[in-house]
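Thanks, everyone. I'll walk you through one chain today. Have a look at it first, and then we'll start with a loop.

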Amino acid sequence: MAPIRLHDTRSGELRELVAPSDGRVGIYACGPTVYGRIHVGNARPFVVYSLLKRFLEHEGHDVTLVINITDVNDKIYDAAGRLDVPSADLAAEMAAYYKADTDALGLGRPDAEPLASETIETIVALIAELIARGHAYAVDGDVYFRVRSDADYGSLSRRAIDEMNQGEESDPPTHSNRKEDPLDFALWKAHKDGEDTVWFAPWGRGRPGWHIECSAMAEELLGVGFEIHGGGNDLVFPHHENEAAQTRMARGTELAQIWMHNGMLQFGEEKMAKSVGNVALLHAVVDEFGRNALIMLFAGAHYRQPMAFDDMRMMEALARVARVRDAARGLVDGESPATMRPLRDAFFAALADDFNTAAALGALFEWINERHKRRDEPVGRGDLVEMLSMLGLQNLAEHGSEAGAEEQELLEEREAARAARNYAEADRLRDELRARGWEVRDGPDGPELVRIEQ
Ligand SMILES: [Zn+2]
């Protein structure tokens, strides 16, 4: 296996992925809080970590990808209250939408998608361990993590301890008065009026805090010290800092080896968040432009960089999809020419170097340029299919993308109609082809059918 290096937020450096001898790699990525349909920004981590899994599998690893679903949260209570529906019903409905919306990306599902509401027993046991070790304390039914008891607190986000704010100001003032230190954060929240879900714990009825959910779910499914913990870079502090601290203090060891963070999507100048009005919902974007173009857009940027999102960029991505499909037409089955092999190798080398899909895509398009220089010789599709499979875009090179016999017949009828100057009939046949998803285009060997991207 070639060495694979990834940027680790904790060390601020590229670190080599070290997998056990059996090649098993665990990836845990923080998933959505389900209180509404997800926007296209939520799809970025889903795509990044799903593609990373594909790449690691290509390199011979046996990967387990876990992406959780937060289905107990203040935002869910608030949204359910506004809609006057039970919060558990809203969360279940939105979790189902989240699965349907991400299914439409055609990248498969993560290996596990744990729900906070189904992990309560494990969460309670982890909190009890923190209390027993003196790193957490119960007050009036709340439980708080004692931040200053962790000498390494702040090591992930690399901030000085006195510059931190847990952002729990939405709690009533009496709440923060219960803390020994304003820096402490909630592991368990005592039941409050207006909250319609409740669980029982030795220190009282209530519900878990957000950070402890992920520590518990990650450990339950991947153990501690697993290879990669991921998520959006808006989660570095406090969420991931707190996850790391909880596990370190409860288990005496680090939760994950590499902490990997993707950049945010930007709509104009603003971060894509549901609090911003200009939200593009994932299902609407996929309906309008298709999953191929959206994956092409995500792959075109380095995962760590912020990424601009607008219609113009989606149109550009659509054009790139068409370029790939165009190049794939006319390829023959079998291996690609050995002289083009270095471009295929450059594609995978770019992925091994901090998962640089943007550079990898550059190599793929160079491969396509080389393919066009060989118009007069048979070129095998092998390398192109291998590269596209890594991106979940192998469909662009499949035989299925060629028009069927019926479409070819319609094309011939249209040519006959044109030759007979029956333009109305020719237009009718063109429209029928369009309705079937094919555009007539004039190629060097006469008219040909090209798949309409959607
Ligand atoms: Zn999380």
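**Loops, cores and domains**

D140 sits in the loop between β5 (136–139) and β6 (142–145). Keep in mind throughout that this is a predicted model. D140 is not a glycine, yet its phi is positive, about 50 degrees. Is D140 buried or exposed? It counts as exposed, with 10 C-beta neighbours inside 10 Å.

There is another aspartate to show you. D84 lies in the loop between α2 (74–83) and α3. Its phi is near 60 degrees, again a positive value in a residue other than glycine. D84 is exposed, with 6 other C-beta atoms within 10 Å. As background, most residues other than glycine have a negative phi, and most peptide bonds are trans.

That brings me to the peptide bond between F237 and P238. This bond is cis, with omega about 0 degrees. P238 belongs to helix α7, residues 236–251.

Now the whole chain. How much of it is helix and strand? The secondary structure comes to 15 helices and 15 strands. Along its principal axes, the C-alpha trace spans about 90 × 50 × 35 Å. The chain has 454 residues, and buried residues make up 41% of them. Take the contacts with a separation of 6 or more: 73% of them are between residues 24 or more positions apart.

What about confidence? The average pLDDT of the chain is 91, and 93% of the residues score at least 70. One stretch to treat separately is residues 273–277, where pLDDT stays under 50. For that stretch the model has six contacts beyond four places in sequence.

Next, the domains. The chain is divided into three: domain 1 (20–271), domain 2 (310–400) and domain 3 (405–451). The centres of domain 1 and domain 2, taken over C-alpha atoms, are separated by 37 Å. How many residues make the contact between these two domains? Eight residues of domain 1 touch seven residues of domain 2. On the domain 1 side, α1 gives the most, with five residues. By class, that side has five nonpolar, two polar and one charged residues.

On to the cores. The largest nonpolar core has 112 residues. Which members touch the most others? They are I27, I76, I127 and L187. Helix α1, residues 40–58, supplies the largest share of this core, nine residues.

Let me zoom in on L187. Leave aside its neighbours within four places in sequence. L187 is then in contact with I127, L130, A136, V143, Y144, F145, G209 and I212. I127 is itself one of the core members that touch the most others. There is also a second, separate core, of six residues. Among its members are L410, L429, W438 and L449.

Helix α8 comes next, residues 282–289. Its buried residues include L282, V285, V286 and F289. Where do these four sit around the helix axis? They cover an arc of only 95 degrees, which puts them on the same side of α8. The general rule is that an α-helix has 3.6 residues a turn, so residues three or four places apart point the same way. What do the buried residues of α8 pack against? Their partners are α1, α3 (87–103), α9 (291–299) and α10 (311–328). Just after α8 comes G290, with a positive phi of about 90 degrees.

Two distances to finish. E118 lies in the loop between α3 and α4 (120–132). E118 counts as exposed, with 11 C-beta neighbours inside 10 Å. E118 and H61 are 57 residues apart along the chain, and 29 Å separate their C-alpha atoms.

Notes
Residues numbered from 1 in each chain as written. Predicted model: local features only at pLDDT ≥ 70, side-chain atom pairs only at ≥ 80, totals over all residues. Core = buried A, V, L, I, M, F, W, Y, C linked by C-beta atoms within 7 Å. Buried ≥ 20, exposed ≤ 12 C-beta atoms within 10 Å, placed from the backbone. Helix = DSSP H or I, 4+ residues; strand = E, 2+ residues; numbered from the N terminus. Arc of directions from axis to C-beta. Domains from an automatic or database assignment. Nonpolar A, V, L, I, M, F, W, Y, C, P; charged D, E, K, R; others polar. pLDDT = per-residue confidence, 0-100.
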